[in-house]
Amino acid sequence: MTWNIVCDSSADLPSAGGNDDAIRYTSVPLRLLVGEQEFLDDESLTISRLLECMKEEKGASSTACPSPAAFAQAFSTTDCSICFTISSNLSGTCSSAMMGRDLALEEHPEKKICVIDSKSTAGCLVLLARRARALIEQAEVPNFEEICAQLRIYQAALRTTFTLENFDNLIKNGRMRPLVGNLLHSLGIHVIAEATPQGTIHVADKARGETKTFQAIIKQMAASKDCTGAEVIISHCQNLPGAVKLKELILKDLPVKSVELLSCRGLTSFYAMEKGLILCY
Ligand code: X90
């Protein structure tokens with residue numbers, strides 16, 4: 001039996017650790033539109049160039065989800081596919097994937113395809129993709145339905161906390177309600193937000209200065225669930241120093257198992273913008 005673990009490109013990794021014949025990994029790219037320029041969020045995209053274009057561009061910028069056909073294509077290559085998408089409350093990607101599933105099943109009714117809404121993005125997709133691989137590898141005879149059921153339970157237990165220097169792209173593209181004035185930014189106040197269980201964005205807290213912001217993130221993490229043994233992924237947009245510092249504080253203050261740092265790829269860079277930090281655990 002061959003497997004394909006499929007993520008949209010909001011998962012901040014190009015490959016899920018090892019791409020063998022039995023268990024493949026496919027990233028289905030979203031498109032990023034910066035003024036007149038269009039970028040495909042695949043391996044060819046240079047993040048620094050994307051951010052530069054975003055800085056220079058005065059016109060409207062937006063993103064677009066992959067087509068159902070792109071997902072159908074990914075689902076047609078193996079016997080079983082497990083697909084994780086960015087929150088259906090933030091993007092049409094999940095509906096595209098579901099339509100892609102229908103398309104693929106019309107052609108190949110024997111295939112097994114499951115689409116799971118991560119209700120988040122970034123590191124949550126990475127954690128889900130890795131767990132999927134581990135469950136398939138560990139089982140003597142992998143049972144598709146059982147594995148999908150376990151992954152849905154794991155999804156529901158994951159949490160997301162994030163802080164951005166700049167919420168412009170999220171707000172301008174209608175993914176988040178406007179914050180109270182630009183005042184916040186100019187006063188050096190940082191907003192700490194979280195994913196709700198429905199996969200929408202909720203402003204949880206505000207803090208001034210980096211140290212207080214990081215403390216507030218840790219407080220928010222501890223309040224969101226029992227973090228004992230949690231695997232934490234911090235996606236950062238050109239902010240390795242901030243991510244490293246936050247990692248150290250988390251390891252000191254919370255009983256987590258590990259903290260891993262990843263660089264934001266295209267889609268998450270577009271919305272998190274420079275210095276953004278997205279924590280999934
Ligand atoms: O369909 C599309 O065009 C994609 C739209 C994506 C919109 C939002 C992406 C936000 C990523 C901030 C972290 C947010 C975590 C929130 C979880 C609910 C960057």
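1. In this predicted model, helix H1, which spans residues 47-56, has as its buried residues Ile 47, Leu 50, Leu 51, Cys 53 and Met 54. Viewed along the axis of H1, these buried residues fall within an arc of 160 degrees, so they line one face of the helix. On the other side of H1, Lys 55 and Glu 56 are exposed.

2. As to what lies over the buried residues of H1, the cover includes two strands, S3 (31-34) and S4 (37-40), and it also includes two helices, H6 (168-172) and H10 (266-272).

3. The chain is divided into two domains, of which domain 1 is made up of residues 3-30 together with 65-155, while domain 2 runs over residues 160-280. The C-alpha centres of domain 1 and domain 2 lie 25 Å apart.

4. Where the domains meet, 23 residues of domain 1 are in contact with 21 residues of domain 2. The size of an interface is often given as the accessible area lost when the parts come together. Between domain 1 and domain 2 the buried area is about 1,600 Å², and carbon and sulfur atoms give 57% of that area.

5. Turning to the polar side of this interface, the count between domain 1 and domain 2 is 10 residue pairs in polar contact, with both residues at pLDDT 80 or more, and the count of salt bridges between the two domains is 1. Arg 130 forms a salt bridge with Glu 260, and the closest N and O atoms of this pair are 2.8 Å apart. Helix H4, residues 123-138, gives the most to the side of domain 1 that touches domain 2, contributing 6 residues.

Conventions: Residues numbered from 1 in each chain as written. Predicted model: local features only at pLDDT ≥ 70, side-chain atom pairs only at ≥ 80, totals over all residues. Heavy atoms only, no water. Buried < 20%, exposed > 50% of the residue type's maximum accessible area, 1.4 Å probe, protein only. Helix = DSSP H or I, 4+ residues; strand = E, 2+ residues; numbered from the N terminus. Arc of directions from axis to C-beta. Contact = heavy atoms within 4.5 Å. Domains from an automatic or database assignment. Buried area = accessible area lost by both parts, 1.4 Å probe. Salt bridge = Lys/Arg side-chain N within 4 Å of Asp/Glu carboxyl O. Polar contact = N/O pair within 3.5 Å; in protein donor to acceptor, adjacent residues only side chain to side chain.
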